[in-house]
Amino acid sequence: MAPSTLLLTQELPSLDYLATPARFDGTWEAPLSTLLGLGRAAGADFVEFFLERVNYISCLAEDDLITSISPSLTTGAGIRVFRGKADCYVSTNDLTFNGLKTALEKALSILGLSLPAPTAFIPEVCLELLRDYAKAKDKELWLPECSSIEEMGDILLATTASLEKAASHVRSRRAAFFRDWQEVLVASSDGTFARDIRLTQSVSCNVLCADGEHRTSNGLRDGDTSDPDFLRNWNYQKAAADVAESAGQMLYADYVESGTYPIVMANHFGGVIFHEACGHLLETTQIERKTTPFMEMKGQKIAHENLTAWDEGRSDDAFGTLDMDDEGMPTQRTLLIENGILKNFLSDRAGQMRTGHPRTGSGRRQNYTYAAASRMRNTYIAPGDCSVEDIFASIDKGIYCKKMGGGSVGPTGEFNFGVDEAYLIENGKVTKPLKGAILIGEAKDIMHKISMCSNDLSLAPGFCGSISGGIYVTVGQPHIKVDSITVGGR
């Protein structure tokens, strides 16, 4: 139990706090406020504790069999300590008071700090009244209401059966699902004390088709936050039909000819290029490293005047939606680019400290073993005022990139991305299917060439890897026209 008077350093080993071990609630205030006070008394400028519990499961169906079921339960805490602009991060699986204290001592020692003298007083940090987003939004009910393992298997097998019926020349079929339930608690020496529960789910299906020398692999992914019924309500028959249609188009497609073309990039997952080639360059982690061409361009034109872009954590059920970030700050809408003008960067606590750009609720991490960093949430190009038909009509000869694939991005925005499903545009009309297209360019150039945006914004789930691990994000855009871009092919 917490003491009623100021502690002395020598009294810490005898403390016996009764924090609830299976739940992050108000009982954690006493031990965490004491430990935060200990860190401050040792000379740290700022101390943060991030506590996490995860209940994760994934399921995989290949052809007509469930081939993998992988559950995972983890609990741990990360401790971040700042001294000036320097910081260090230590994680532990031991959430007892002494376990957390040991991890804190390690973090302090890395920065050249040590515990105060045995007779020194340890003033507790006064934490705010617990901001409990889980309780406020009835999130405690989510986990028991999710699909059972049996349901997962039945739906995935029904999906692979639908792929067999819908597609031709099928060589293999796959369907996969995961559910990630996470409870987090953040307490820091500025008084932050906040709790949340997150529920993220994703399902995908894929088919490989081959006929002689002709081969194609096509798939799709859907994702959701906050809906325990997501998998039950997923329309696997429509998903299988969409994948089969794409496979049928691409199986006998001609290879694209290399060259420079105007392109139309589809909405939904087409937004992955903006995310990768530009979005990362607007994170303060890039400013700290001096690896973004936009670091001194706030308030200047970095894109076509018809382009506006947002990053936010508020869209209902989107893959990157959060009530609070991993530093306990409520998420918000952040205007990145307005009519081509750079308006804001995405910033976390360290980013604000080291670059001066204000925090935007963008401090995110894969789990407790990573320190938070400035990361994207739901990032998309805003809808414009023209129609899809207007965009196609503006092109005499070009390429329609209907479905994007994987790619790579250099540290300053050079990119190349494969196109899984593409079509030739002739005289404003979509004609024959093409395969083998690779889009090649640089963010600082392509942003000025996005001259038209339609009014059909659509969002898609995605995964993003960076300095603080892999996180769930949303990409998106309406249909857009890029006036010219290098297309690799044959």
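Reply: The second largest pocket holds about 750 Å³ of space. Its lining consists of 39 residues, and those closest to its centre are Gln 182, Arg 198, Thr 200, Leu 322 and Tyr 472. The model is predicted, so local features need pLDDT of at least 70 and side-chain atom pairs count only at pLDDT 80 or more, whereas totals for chains, interfaces and linings use all residues. Residues are numbered from 1 along each chain as its sequence is written, and side-chain values use heavy atoms, with hydrogens and water left out.

The spaces are found on a 1 Å grid over the protein atoms alone: a pocket is an open set of points with protein on both sides within 12 Å along at least five of seven lines, a cavity is a set of points where a 1.4 Å probe fits but cannot get out, and a lining residue has an atom within 4 Å of a point. Points are joined across faces, edges and corners, and a volume is the space filled by probe spheres set on them.

Several strands share in the lining of the second largest pocket. S2, strand S3 (65-83), S7, S8, strand S23 (458-466) and strand S24 (469-477) each supply at least two residues; here strands (E, at least two residues) and helices (H or I, at least four) are DSSP runs numbered from the N terminus. S8 gives the most, with 5 residues. By class, this lining has 13 nonpolar, 13 polar and 13 charged residues. In that count Ala, Val, Leu, Ile, Met, Phe, Trp, Tyr, Cys and Pro are nonpolar, Asp, Glu, Lys and Arg are charged, and the others, Gly among them, are polar.

The largest pocket has a volume of about 1,200 Å³. Of its 46 lining residues, Gly 219, Leu 220, Arg 221, Phe 269 and Lys 403 are the closest to its centre. Strand S18 (residues 397-409) contributes most to that lining, with 10 residues, and the lining divides into 19 nonpolar, 16 polar and 11 charged residues.

The largest cavity has a volume of about 80 Å³. It is lined by 14 residues, and Ile 273, Phe 274, Ile 446, Ile 450 and Ile 480 lie nearest its centre.

Among the elements covering the buried residues of H1 are strand S2 (46-62), strand S7 (170-188) and strand S8 (193-211), along with helix H2 (97-110). The buried residues of H1 include Leu 32, Leu 35, Leu 36 and Leu 38. Buried means under 20% relative accessible area, exposed over 50%, and partly exposed in between, with a 1.4 Å probe and protein chains only. The expected span of a helix is 1.5 Å times one less than its number of residues; the 13 residues of H1 (residues 29-41) should therefore span 18 Å, and the end C-alpha atoms are 18 Å apart, which agrees. After H1 comes Gly 43, whose phi is positive, near 110°.

H2 holds Ala 103, a buried residue with a relative accessible area of 6%. Leaving aside residues up to four places away in sequence, Ala 103 touches Ile 79, Val 90 and Thr 92, where contact means heavy atoms within 4.5 Å.

Two cysteines deserve mention. Cys 205 is buried at 2% relative accessibility, and Cys 209 is buried at 1%. The sulfur of Cys 205 has its closest cysteine sulfur, in Cys 209, 12 Å away, which is too far for a bond. A disulfide is a pair of cysteine sulfur atoms within 2.5 Å, and the structure holds 0 disulfides.

Two loops complete the account. Asp 138, in the loop between helix H3 (133-136) and helix H4 (142-145), has a positive phi of about 55° although it is not a glycine. Asp 138 is exposed, with a relative accessible area of 52%. Asn 339, in the loop between strand S13 (333-338) and strand S14 (341-342), has a positive phi of about 50° and is likewise not a glycine. At 46% relative accessibility, Asn 339 counts as partly exposed.
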